Amino acid sequence: MAKIIIEGGRRLEGKVRVSGAKNAVLPILSASILASSGVSVIEDVPSLLDVQNMMDTVAALGATVQERNGTVRINASTIHSTEPPYDLVRRMRASFTVAGPLLARFGEAKIASPGGCNIGPRPVDLHIKGFEAMGAKAQIVDGCVHLTAPHGLHGARIYLDIPSVGATQNIMMAACLAKGHTIIENAAKEPENVDLANYLNAMGAHVRGAGTDTIRIDGVKSMQGATHTVIPDRIEAGTYLLAGAVMGNGVYVENAVSEHVMSLIAKLEEAGARIEDDVAGIRVWPVERGRLKALDVKTHYYPAYPTDLQAQIVASLSTAIGTSTVTETVFENRFLHVAELQRMGAEVKIEGRTAIIEGVEKLSGASVTATDLRAGAALVIAGLMADGLTEVHGLHHIDRGYDNLVFKLQSLGARIRRVDDDDRPQLRVVASV
């Protein structure tokens, strides 16, 4: 089986560049469906399995999709289907974001229940509630959500029970071609939603308030392709900042935006690390004694500490001085990585939604398996910290969200390599052209 092999204990030093944000580019690819004319050019697109799956999904609907060197060109004027193939949809939850654009432009969408990481239930009820408020009818047939709006969508005031990122994105995209004015209240504030709104506006939409809890959209009659550069990936940036805090000797995370990771920066500084930021990136210096101070961390919706960096900070705190607590409030099944960290000598116990971490002096290398995307990154950080060799399996999870992870860590001096099924090292997963 494919695996990453890490010889731990090597200090990290130098510069690593953050790629475009996975959680921004996926809805942006979906939003391209809204363009009835012109070509969309999306730049700084990361080479990830999830991105490839989304490109394949849009192409399966009839669009022309070309990728080359991190730039994707999409001509959506040729779309002829409103039902993406089940085999593609089942691979990731973000595939459901094609529902809003298809419904708005064609008056219909039929989407199978989406897949993704096993981190707890993430129903699409809020998406459907928003579509219905705009005049759509929804039916669940044979495990598929069938949405119809034969007379088009109309504007509405929509309150989200929770600030769901996906529901905010889907409703925002659908509202762009709806007749009249739409207000989304208790909207998700994530930077990725701001990036999506900027792309939509470049396509001719009228979206205001993205990044706040109230988003207002005035519907337009049509939209066209546009050129857009994706924002940097704040979760990838946070992963490298955490690795630099526990194993670094001065790591500069280029292209990271400090305003997007302020909650992490605050925690790293509280734990004793030193952070310096400038317009081009963020540099992290480790604590003087080499071990972080214990922390209390609670995940919540942006701008609070992100759930997508929970596993990584649990790994980083496994060797902290003292007792740390990490409470997960967003997803109920996101501590599957703890059992694997325990195999490496971490002393972590779970009480309800809280991980209690008794810091140990050292972790030991072991054979471990990633249970989801962010758990995979956490195990890589643990392997960098550990004495001896660590083998990380389940790489399909990591490939979904980290562009060139092994190569980038090698550039910082890590002793790490990837061995694929044919026993040949592979340093990069490249989306097909």
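Guide: Happy to! Buried here means under 20% relative accessible area, exposed means over 50%, and partly exposed is in between, with a 1.4 Å probe and protein chains only. Please keep in mind that this is a predicted model, where local features need pLDDT of at least 70, side-chain atom pairs count only at pLDDT 80 or more, and totals for chains, interfaces and linings use all residues. Residues are numbered from 1 along each chain as its sequence is written, and side-chain values use heavy atoms, with hydrogens and water left out.

Cys 144 has a relative accessible area of 14%, so this residue is buried. Cys 176 is buried as well, at 0% relative accessibility. As for disulfides (pairs of cysteine sulfur atoms within 2.5 Å), a search of the whole structure finds 0.

Now for the setting. Of the 433 residues in the chain, 58% are buried. The chain holds 14 helices and 25 strands, counted as DSSP runs from the N terminus: H or I of at least four residues for helices, E of at least two for strands. The radius of gyration of the chain, taken over C-alpha atoms, is 22 Å, close to the 22 Å from the globule rule for 433 residues, so the chain is as compact as a globular protein of that length. That rule is 2.2 Å times the number of residues to the power 0.38. Along the principal axes, the C-alpha atoms fill a box of roughly 65 × 45 × 40 Å. Finally, among contacts (heavy atoms within 4.5 Å) with a separation of 6 or more, 74% join residues 24 or more positions apart.
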